[in-house]
Amino acid sequence: MNKAIDHLEGLYRDFFAKMEQGFCILDLIFDRDGKPVDYRFLAANPAFKDQSGLSYPVGKTIKELVPNIEEKWVERYGHIALSGESMQFIEGSEALGRWFEVSAYRLGDEDSRKVALIFTDITMRKKQESELWQLKDQLSNIVDNAGSGLMLFDSKGHVLQANHLAAMYQGYQSREELLNISMIQNSRRFYEKFDVLDENGEPFNPDDSPVKRAFFGEENPQVTIIQIDRTTGKKRWFLARSRRIEVTPDDIQILFIINDISLQKKHQQVEASLLATENRFRHMADNISQLAWMTDEKGSIFWYNERWFSYTGTTLDEMKGWGWTKVHHPDHVNRVVKKINRCFAEGRNWEDTFPLRSRNGEYRWFLSRAVVIRNVRGEITNWFGTNTDITDQLQASEKLSYQKGLLEAQHKTSPMGILVVDPDQRILMYNQRFEEIHRLDGTVDLVGKHESLLRELTRRLFKDRSRPESTLEKIYSTRAQSHDKMYFKDGRIIEWFGAPVLGEKGEYFGYAFSYIDVTEQENLLRQKDEFLAVASHELKTPVTSILAYTQLLQRQFENSDDLLTYQMLTKINQQINRLTVLINDLLDATKIEQGKLSLRKEEFDFNEMVQEMVEEVQRISSSHKISIRSEENRSVFADRDRLGQVVINFLTNAIKYSPQADRVDVAIEYMPDKVRLSVTDYGMGLSEKDAQMVFERFFRVEGKDRETFSGLGLGLFISSEIVQRHGGKIGVDSTFGEGSCFYFLLPLG
Ligand code: ADP
């Protein structure tokens with residue numbers, strides 16, 4: 001039995017003697033209060049010295065060996081001796097200058113004060129470790145400064161290390177808050193604080209986190225995420241990566257690197273929007289009607305728009321740099337190149353006009369401009385140029401200048417005075433004849449002045465001062481055609497015509513007047529009137545006496561057998577009557593002209609008067625049956641003879657101008673304050689134009705079928721004057737070829 005024990009002891013001793021770790025047995029020493037105060041080494045193996053640095057310890061206490069040994073050793077082993085609890089721990093001793101990894105346990109039963117230690121000097125390892133940490137710290141400093149967040153997870157997923165940026169990026173106040181927490185805690189806090197989206201804006205799946213993926217064996221997982229702070233709403237882009245670090249095959253650490261890439265993203269977005277702007281610009285430039293191009297800072301063209309190529313029929317390769325000279329006209333190219341080079345050299349904007357050859361060989365004229373484009377530092381980066389086709393404009397302006405010349409020539413040679421005003425009545429132009437008419441001596445320039453100034457200047461020349469002014473105001477406001485005469489104090493009579501100047505689409509550009517001196521014609525007319533007045537007056541006396549004698553003779557032959565003489569006398573009488581009517585008409589017209597037509601008003605029966613006139617006309621014309629329609633009978637206060645004259649004029653005209661018809665209808669209609677007399681025939685009628693003119697002096701409708709009708713064109717003129725003098729209204733309703741209805745309205749009472 002003893003042998004066996006001896007053998008076993010021998011084995012142990014051998015084992016302890018050969019093992020690399022230090023081994024020793026301690027006897028704990030307590031004070032009276034049962035507090036451990038020291039311990040004595042009872043046994044130690046050969047490795048003890050190497051591992052602890054202490055020689056020959058057996059029999060000595062630790063405090064004898066190392067007087068300044070830390071109390072923590074004595075306390076910890078005392079505790080083991082008393083409690084029997086085994087312990088594994090790593091602990092350093094400054095007194096010994098070493099770090100130890102220790103396994104300690106009590107030897108024997110409760111009363112035993114003996115503790116066995118197996119220990120390894122791990123100072124080197126510790127040092128390496130701390131150097132590693134230092135290195136990592138330095139590294140993380142660098143990374144901090146470089147803008148990366150850094151975290152190191154141990155194999156169990158605890159945070160071993162984290163730098164400041166990592167803490168900040170994940171919403172912690174300081175990096176200490178991060179240390180030693182677990183990956184699960186970390187991720188819970190993280191997702192509470194942020195809304196996390198993937199690159200495409202979709203919610204980010206936490207299982208895709210690079211840390212997790214690295215734990216599951218992926219070497220270098222990485223993701224781009226968008227973090228939106230739930231409280232501030234602030235949005236940031238991060239690139240998150242993990243590295244799997246194999247410390248030993250069993251010990252895996254995960255390095256987690258986070259980079260804020262918001263700025264790059266922003267740049268990317270700006271770049272994208274720049275690109276979009278450029279695309280938009282190109283699209284626009286391709287679609288403008290001009291040719292467009294861009295040069296580099298030296299003036300060499302690197303881009304043309306689509307229009308350039310479609311107009312010239314060239315390619316970019318042909319045109320690049322100075323290739324554009326190929327489409328220039330040989331007569332102009334040198335001048336153009338010289339000028340543009342000067343602008344390029346001086347950094348000035350450029351403008352020129354020259355022909356460019358189109359794809360089908362035709363040359364068209366272009367107005368070309370280039371503007372300098374500078375960067376923020378004011379350096380020239382490009383020229384942007386356009387060419388605008390102005391061929392049509394050039395032709396149009398040539399045409400315009402030709403037309404202008406023509407107009408000027410017309411104005412100069414025109415026997416008429418001409419004046420044109422703009423819509424604001426400012427004088428645009430007038431000709432020499434206009435100046436002569438208005439006695440302007442040519443020293444005042446009225447162009448651009450208001451037309452009223454002209455009136456001011458010429459006012460003294462006119463006989464009737466008010467007339468031109470009021471008519472002018474009306475003309476400007478209505479913009480209608482107008483026509484009138486001006487009477488000058490010096491006797492001249494100027495007839496003028498006015499018409500609006502209208503554009504193709506009816507735009508109002510102003511008003512034009514032309515002036516003709518009609519003094520001579522007017523004088524001739526006056527002379528003619530005077531002659532007629534004298535002639536008719538002088539004719540009237542002999543005709544009246546002839547009429548008296550023939551009537552006398554007629555009465556004598558009335559009852560004789562000389563029927564032939566009687567008939568001839570009747571014919572003479574009829575002709576003299578016609579002559580009397582003509583002379584009377586001429587006299588009346590002259591009276592009207594001279595304003596001498598007077599009325600002798602009396603109270604009379606209107607129907608009776610009309611009846612009388614109808615009977616008189618009916619007596620001499622058997623071809624037509626004249627009927628009268630009237631419902632009432634009233635008396636009027638008017639000139640009976642003159643109104644009778646009007647009725648007779650209506651009736652004789654009605655018969656005269658309806659040779660194919662056989663009746664004429666007369667109607668008298670009474671209204672509360674007026675009476676209307678109308679004479680309707682079924683004859684040739686009047687065109688609308690002629691109907692407007694029939695009341696004018698000497699107006700007679702012209703035409704082949706009209707030639708046979710004799711007359712002076714005075715009857716209706718006189719009638720109209722008579723009716724107007726009574727305050728009445730004269731008029732005609734007529735349908736050409738169907739008949740006319742002449743009427744007048746006479747106020748009652
Ligand atoms: P005239 O002496 O020529 O008849 P008036 O002044 O009476 O002169 O008439 C002027 C013109 O009006 C005539 O020449 C005629 O052409 C036209 N006229 C007048 N009455 C009628 C009518 N009832 N039907 C058609 N034309 C008429």
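Which residue is the bridge partner of Val 371 in β16? It's Phe 384. Keep in mind that this is a predicted model, where local features need pLDDT of at least 70, side-chain atom pairs count only at pLDDT 80 or more, and totals for chains, interfaces and linings use all residues. Residues are numbered from 1 along each chain as its sequence is written, and side-chain values use heavy atoms, leaving out hydrogens and water.

Let's stay with β16, which covers residues 380–389. Strands here are DSSP runs of E with at least two residues, helices are runs of H or I with at least four, and both are numbered from the N terminus. Two strands pair if DSSP finds at least two bridges between them. Strand β15 (residues 363–374) is joined to β16 by nine bridges, and the two run antiparallel. Five residues sit between these strands in their hairpin, where Gly 378 takes a positive phi near 85°. Strand β12 (residues 291–295) also runs antiparallel to β16, with five bridges, and here Met 294 stands opposite Phe 384.

Now for the cores. A nonpolar core is a set of buried Ala, Val, Leu, Ile, Met, Phe, Trp, Tyr and Cys residues joined through side-chain atoms within 4.5 Å; buried means under 20% relative accessible area, exposed over 50%, and partly exposed in between, using a 1.4 Å probe and protein chains only. The largest one has 46 residues, and Leu 651 is among those with the most contacts inside it. Helix α20 (residues 640–656) gives the most to this core, namely seven residues. Apart from it lies another core, of 26 residues, including Val 196 and Phe 256.
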